Amino acid sequence: MKSSERAAAASGAQTTTIGALAEYFGLATHVLRHWEGVGLLTPRRDTAGRRRYSAEDFTRVAVILRAKEAGLSLATIRDLAATADARRRRDTLKAEAAALRARIAAAQASLELIECALGCDHDDLTRCAHFRQLVAEPTAALSVG
């Protein structure tokens, strides 16, 4: 898509094709078709029945991509977009935020373990007291005793 076409479509002055929208976001066209199939996108159609995407669709795709990066499922994204119930939306987002915080904590613990291993001079990591402590911390709650 030419920059002038992209700017015009993003401003709402015109619409663009599925190929151009997919290219703009670095997606395959089948991804946009799938999102349409699950109710995330509803592009207009031209007289020949071809999909035509507007500035609103550009925004919707950007929102979907950011939500997916945060770990939200397509079903959750669809439900959030479809609900007018602010309380329901807030409850869903609170649960998703808690899940994201848990994934971040797990990733941080994994990174700490890797960094420990990278800095360890032991031939056998299992003999390193610090490494053993890091490995044992998450499993301590699982100990039967």
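Me: What are the axis distance and the crossing angle of helix H2 and helix H4?

Reply: This is a predicted model, so local features need pLDDT of at least 70, side-chain atom pairs count only at pLDDT 80 or more, and totals for chains, interfaces and linings use all residues. Residues are numbered from 1 along each chain as its sequence is written, and side-chain values use heavy atoms, with hydrogens and water left out. The axes of H2 (residues 18-25) and H4 (residues 55-69) come within 11 Å and cross at roughly 40°. Axes are lines fitted to C-alpha atoms, for helices over the stretch in contact, and angles run from 0 to 180 degrees between N-to-C directions.

Me: Why are H2 and H4 called oblique to each other?

Reply: Angles under 35 degrees count as roughly parallel, over 145 as roughly antiparallel, 65 to 115 as roughly perpendicular and the rest as oblique. The H2 and H4 angle is roughly 40°. H2 and H4 are therefore oblique. Their crossing is right-handed (the near helix is turned clockwise from the far one by less than a right angle).

Me: Which residues make the contact of H2 with H4?

Reply: H2 gives Leu21, Tyr24 and Phe25; H4 gives Phe58, Val61, Ala62 and Leu65. Contact means heavy atoms within 4.5 Å. By class, this contact has 7 nonpolar, no polar and no charged residues. Ala, Val, Leu, Ile, Met, Phe, Trp, Tyr, Cys and Pro count as nonpolar, Asp, Glu, Lys and Arg as charged, and the others, Gly among them, as polar.

Me: What makes H2 and H3 roughly perpendicular?

Reply: H2 and H3 (residues 29-37) pack at an angle of about 105°, with their axes 8 Å apart. H2 and H3 are therefore roughly perpendicular to each other. Ile18, Gly19, Leu21 and Ala22 in H2 meet Thr29, Leu32 and Arg33 in H3. That contact divides into 4 nonpolar, 2 polar and 1 charged.

Me: Which residues of H2 are buried, and what covers them?

Reply: Ile18, Ala20, Leu21 and Ala22 are the buried residues of H2. Their cover includes H3, strand E2 (51-52) and H4. Gly26 follows H2 and has a positive phi, near 70°.

Me: Why does Thr76 count as buried?

Reply: Buried means under 20% relative accessible area, exposed over 50%, partly exposed in between (1.4 Å probe, protein chains only). Thr76 has 14% relative accessibility, so Thr76 counts as buried. Thr76 is found in helix H5 (residues 74-82). Not counting residues up to four places away in sequence, Thr76 touches Thr92 and Glu96.

Me: Is Thr42 buried or exposed, and how do you know?

Reply: Thr42 is at 66% relative accessibility and therefore counts as exposed. Thr42 lies in the loop between H3 and strand E1 (44-45). Thr42 and Arg52 are 10 residues apart in sequence and 9.5 Å apart in space, C-alpha to C-alpha.

Me: What makes H4 and H5 oblique to each other?

Reply: The axes of H4 and H5 come within 10 Å and cross at roughly 130°. H4 and H5 are therefore oblique to each other. H4 passes H5 in a right-handed crossing. Arg60, Ile64, Ala67 and Lys68 of H4 meet Leu74, Ile77 and Ala81 of H5. By class, that contact has 5 nonpolar, no polar and 2 charged residues.

Me: How many helices and strands does the protein chain have?

Reply: The protein chain has 7 helices and 2 strands. Helices (H or I, at least four residues) and strands (E, at least two) are DSSP runs, numbered from the N terminus. The elements run α-α-α-β-β-α-α-α-α from the N terminus on. Buried residues make up 24% of the 145 residues.
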